[in-house]
Amino acid sequence: MVPLAQAQEGMAVYTDYLTDNYYLIHPSMAGAAHCAKVRLTAQRQWADQSDAPSLQTLSFNTRVGEQSGVGAILFNDKNGYHSQIGAKLTYAHHLNFSRSDYDLNQLSLGLSVGMFQTTLDETEFLDSGVVDPGVRGGVELKDQYFNFDVGASYHYLDFYAHLTVKNLIAQKADLYTDMESDNSRRYLLSAGYVFGNTYDYLGRSSGVTWEPSFMFQYAEETQEKKLDVNMKMYKDFDNGQFYAGISYRTTFDGAEYRMNVGDDVSKQYYHAVSPIIGIRYKNLMIGYTYTHHFGDIQFEKGGFHQLTLGFNFLCKDSVYRCNCPSVNF
């Protein structure tokens with residue numbers, strides 16, 4: 001289950017952005033909130049398989065001054081003999097068009113520069129006893145490169161939208177084959193609206209609020225398209241907040257297959273459902289996501305687990321009178 005992945009794509013996009021982690025995929029969200037945020041995520045697929053895909057990320061972002069935000073992301077992505085480590089540094093600029101300190105009307109522009117190292121470890125291939133002339137064997141191949149992400153976010157009261165272009169420039173990498181594409185550019189478009197009970201004078205909801213949202217992904221080279229349709233609910237309480245939700249991901253591009261030799265060719269589309277649950281108490285938060293994918297052809301029946309731990313600090317009083325959990329606290 002590799003989402004729109006190419007050899008030099010950088011960090012893949014899963015559903016961890018829904019656990020109060022939009023900065024992980026949208027650079028324009030660096031410093032958009034009233035608190036500095038640290039988020040640690042750990043994800044593992046097919047838990048009963050050795051060398052199964054796993055991903056760990058550590059991110060930090062904060063507001064600097066009135067209109068600037070900065071952030072940093074470290075990640076480690078491993079899939080069998082293939083692995084990638086990387087780091088991103090981000091600057092964002094926030095333009096406030098509000099009529100007063102209480103109305104949220106903010107346009108944010110962000111730029112991330114990333115450095116990555118991809119590794120293919122073939123040192124154990126010769127011990128397998130399988131002779132393949134296409135495998136060099138006994139070597140560890142590495143390639144380093146850099147790239148840019150750019151994006152924009154707009155928040156207006158209870159509405160928000162994000163547009164991000166990842167891996168903006170073409171980078172040639174010859175780790176796997178001379179025919180490897182140098183275009184890993186990908187576009188992310190997401191939007192949502194939060195509605196429900198009225199909020200109090202501190203900007204907190206006095207009851208349950210609901211947040212429908214979507215995210216659309218498009219890979220330029222392969223023309224792959226994916227869509228997330230999400231619904232979350234929030235319940236504020238003294239010193240914290242509880243949230244739960246569900247995300248449905250599907251593709252617009254099917255993969256052809258035959259169940260048996262001689263069978264007619266069938267086409268399978270990717271479908272996955274991810275329940276989400278989390279809680280924030282004072283400055284600490286924890287979120288959990290389980291993703292289950294569907295289809296006749298699967299490597300493993302189980303899905304994957306993802307855990308997010310977070311810490312907020314340097315918080316300022318929330319002033320916006322809106323249902324806007326990604327900005328207000």
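This is a predicted model: local features need pLDDT of at least 70, side-chain atom pairs count only at pLDDT 80 or more; totals for chains, interfaces and linings use all residues.
Phe237 lies in strand E11, which spans residues 225-237.

Phe237 belongs to a nonpolar patch on the surface. The other members of this patch are Leu40, Leu58, Leu74, Ile277, Ile279, Tyr281, Ile286, Tyr288, Leu307 and Leu309, and together with Phe237 they present about 930 Å² of accessible area. Strand E15 (271-281), strand E16 (284-294) and strand E17 are the elements that each supply two or more residues to the nonpolar patch. Of the contributing elements, E15 gives the most, with three residues.

A disulfide is a covalent bond that joins the sulfur atoms of two cysteines. The structure contains two disulfides. One of them is formed by Cys35 and Cys315, whose sulfur atoms are 2.0 Å apart. This pair connects distant parts of the chain: Cys35 sits in the segment before strand E1 (36-45), Cys315 sits in the segment after strand E17 (304-313), and 280 residues separate them. The link of Cys35 and Cys315 is right-handed, with 120 degrees about the S-S bond. Its two ends can be described separately in terms of solvent accessibility. Cys35 counts as buried because its relative accessibility is 4%, under the cut-off of 20%. Cys315, at 38% relative accessibility, counts as partly exposed.

The other disulfide is made by Cys322 and Cys324, again with the sulfur atoms 2.0 Å apart. The link of Cys322 and Cys324 is right-handed, with 65 degrees about the S-S bond. Both of these cysteines, Cys322 and Cys324, are buried. When the bonded cysteines of the chain are numbered in sequence order, the pairing reads 1-2, 3-4.

Leaving aside residues up to four places away in sequence, Met115 touches Ile85, Gly86, Ala87, Tyr145 and Phe146. Among these contacts, Tyr145 is 30 residues from Met115 in sequence, while the C-alpha atoms of the two residues are 6.0 Å apart in space.

Notes:
Residues are numbered from 1 along each chain as its sequence is written. Side-chain values use heavy atoms; hydrogens and water are left out. A disulfide is a pair of cysteine sulfur atoms within 2.5 Å. Helices (H or I, at least four residues) and strands (E, at least two) are DSSP runs, numbered from the N terminus. Buried means under 20% relative accessible area, exposed over 50%, partly exposed in between (1.4 Å probe, protein chains only). Contact means heavy atoms within 4.5 Å. Patches are made of residues with over 30% relative accessible area and no salt bridge: like charges are joined within 9 Å, nonpolar side chains (Val, Leu, Ile, Met, Phe, Trp, Tyr) within 5 Å. Accessible areas come from the Shrake-Rupley method with a 1.4 Å probe; for residues, only the protein chains shown count as cover. A salt bridge is a side-chain nitrogen of Lys or Arg within 4 Å of a carboxyl oxygen of Asp or Glu.
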